[in-house]
Amino acid sequence: MKISITGVAGFIGSNLCSALLQRGHSVIGIDNMSQGEYENIADFRDNPAFELHEVDVRDENAILEITTGSDVIVHLAAFKIPRYSDSLDTLLINSRGAENIAKAAVKHNAKVVAASTSDVYGKNRDLPFREDSDLVIGAPDVKRWAYAISKMFDEQLFFGYHERYGIDIVMLRFFGGYGPNQNLTWWGGPQSVFIEKALENEEIPLHGDGQQTRSFTYISDHVNGIVRTIEMPEANNLVFNIGNTYEITIEDLAKLIWRLVRGEDDKPKIKLIPYETFGKYEDVRRRIPDITRAREILGFEPKVDLEEGLKKTIAWQIERRKKNNA
């Protein structure tokens, strides 16, 4: 198939693109390179089945033209949780980008596979989260909810386009992706920062009390789930949780990473960062997926456990640091 990917030079996009090319598909890559890295796409940049367009997803005319002939459009480009900035970019980039992708899908009669987020479950305490669970979001003056709300809007938007125009869509709620090509700042998740701090023998910053829990998913498992939704018509017009069901506290994640980087006998250096540092902020205490739907319909099953995945990620991050410092 001919597959367009927005955010192709990012973490998930670059790993997905590599897998699709290996499976014989051709890929139209779209990225404005605001968060993507050329190094992420270096291995397939010259592949004749791949083309890169440095375009912003908010450019409607460019998106409509570039995606011509696409069988599937995978929409991964997004602006994430605003910790250190205001929320407006998150809301506008995500909503406008999604609408342009929906319009392109209608014009080219393409299927859409779009990234949502586990963050949409918000403050729901009924665990594990199922795709039909309630989405419980906090107050509008807490900007951390801007990302979740933008993705909730995207989900409704794509289902609305499916209802009116008949295009096939799939929404994917990802849980805690990590692995090679991850962003090395908080944008890439806590594990990125924790690995960096451990390599530098510096204090690992934990937000709040560190007892909030997450489920982390190695990138090859995420990619496997995405590929299945692209290639399987049984996935059409559904929402899927794509993630690992193993739950760990952020403090235990920090300690595990410290041990894997520095050894059993080196006591972890940990520093608690009050949420007040970010202004008015609310966190999610627990986050774990129910992946029954993905198992039954897609045959999806996460295969890489956390320690194994972290070892691979740490090795990659060490090599990336060497290249960046060369």
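How much space lies in the second largest pocket? About 310 Å³.

Some ground rules. This is a predicted model, where local features need pLDDT of at least 70, side-chain atom pairs count only at pLDDT 80 or more, and totals for chains, interfaces and linings use all residues. Residues are numbered from 1 along each chain as its sequence is written, and side-chain values use heavy atoms, with hydrogens and water left out.

Now the overall picture. The protein has 9 helices and 13 strands. Helices (H or I, at least four residues) and strands (E, at least two) are DSSP runs, numbered from the N terminus. The radius of gyration, taken over C-alpha atoms, is 19 Å, close to the 20 Å that the globule rule gives for 326 residues, so the protein is as compact as a globular protein of that length. That rule is 2.2 Å times the number of residues to the power 0.38. The C-alpha trace spans about 60 × 45 × 40 Å along its principal axes. Of the 326 residues, 55% count as buried. Buried means under 20% relative accessible area, with a 1.4 Å probe and protein chains only.

Back to the pocket. A pocket is defined on a 1 Å grid over the protein atoms alone: an open set of points where a 1.4 Å probe fits, with protein on both sides within 12 Å along at least five of seven lines. Grid points are joined across faces, edges and corners, and the volume is the space filled by probe spheres set on the points. Lining residues have an atom within 4 Å of a point. Here there are 16 of them, and Glu39, Asn40, Ala42, Asp43 and Asn181 lie nearest the centre. Helix 1 (11-22) and helix 9 (306-325) are the elements that give two or more residues to this lining. Helix 1 gives the most, with 5.

Next, strand 11, residues 238-242. Is it covered or open? Mostly covered: 4 of its 5 residues are buried. Strand 11 pairs with strand 6 (residues 169-174) in the parallel sense, over 5 bridges. Two strands pair if DSSP finds at least two bridges between them.

Last stop, Ser87. Where is it found? In the loop between strand 4 (72-75) and helix 3 (88-108). Ser87 touches Pro82, Lys143 and Ala146, leaving out residues up to four places away in sequence. Contact means heavy atoms within 4.5 Å. The C-alpha atoms of Ser87 and Tyr147 are separated by 8.0 Å, though these residues are 60 apart along the chain.

Terms used: Buried means under 20% relative accessible area, exposed over 50%, partly exposed in between (1.4 Å probe, protein chains only).
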